[in-house]
Amino acid sequence: MQALKRDDLMPLERYHSERGNFRREVKYPNVLEIGTVVTKIGTSSFQLAHVFLFEGTDTLAADANSVVVWADYARGKSVPLPEGVRLKLMAFQMPPQTLA
């Protein structure tokens, strides 16, 4: 895999913590399974929904949402998602309620 240079186009993640919800207390040695789906694909960004389940159960420990923005770091601006990235994201796209 080729290393990215500082001025390459790459994703810039922005997590919105105010959209995270802790549903149950998690204590050691609990193990969690994490599920993530793409819920929206925009011009230069995409949204993800995450669930954190106690291993082997349907018991929800937490859920969250995040936004990933594709950016040109040299210009300091968002840029359209590359078509290859968009096509790969579409394979994981589901409505948000599918994960809950």
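**Notebook: the core around F46**

I started with the largest nonpolar core, which has 9 residues in all: V38, I41, F46, L48, V68, W70, V79, L81 and L89. For my own use, such a core is a set of buried Ala, Val, Leu, Ile, Met, Phe, Trp, Tyr and Cys residues joined through side-chain atoms within 4.5 Å. Then I checked the elements that give two or more residues to this core, and they are β3 (32-41), β4 and β5 (60-72).

A note on the source: this is a predicted model, where local features need pLDDT of at least 70, side-chain atom pairs count only at pLDDT 80 or more, and totals for chains, interfaces and linings use all residues. Residues are numbered from 1 along each chain as its sequence is written, and side-chain values use heavy atoms, with hydrogens and water left out.

Next I looked up the chain's layout. I found 1 helix and 6 strands, in the order β-β-β-β-β-β-α from the N terminus. These are DSSP runs, numbered from the N terminus: helices are H or I with at least four residues, strands E with at least two.

Is F46 buried or exposed? F46 is buried, at a relative accessible area of 9%; buried means under 20%, exposed over 50%, partly exposed in between (1.4 Å probe, protein chains only). I placed F46 in strand β4 (residues 45-54).

What does F46 touch, beyond neighbours within four places in sequence? I listed K40, I41, S66, V67, V68, L81 and L89, with contact meaning heavy atoms within 4.5 Å. From L89, leaving out residues up to four places away, I got V38, I41, F46 and L81.
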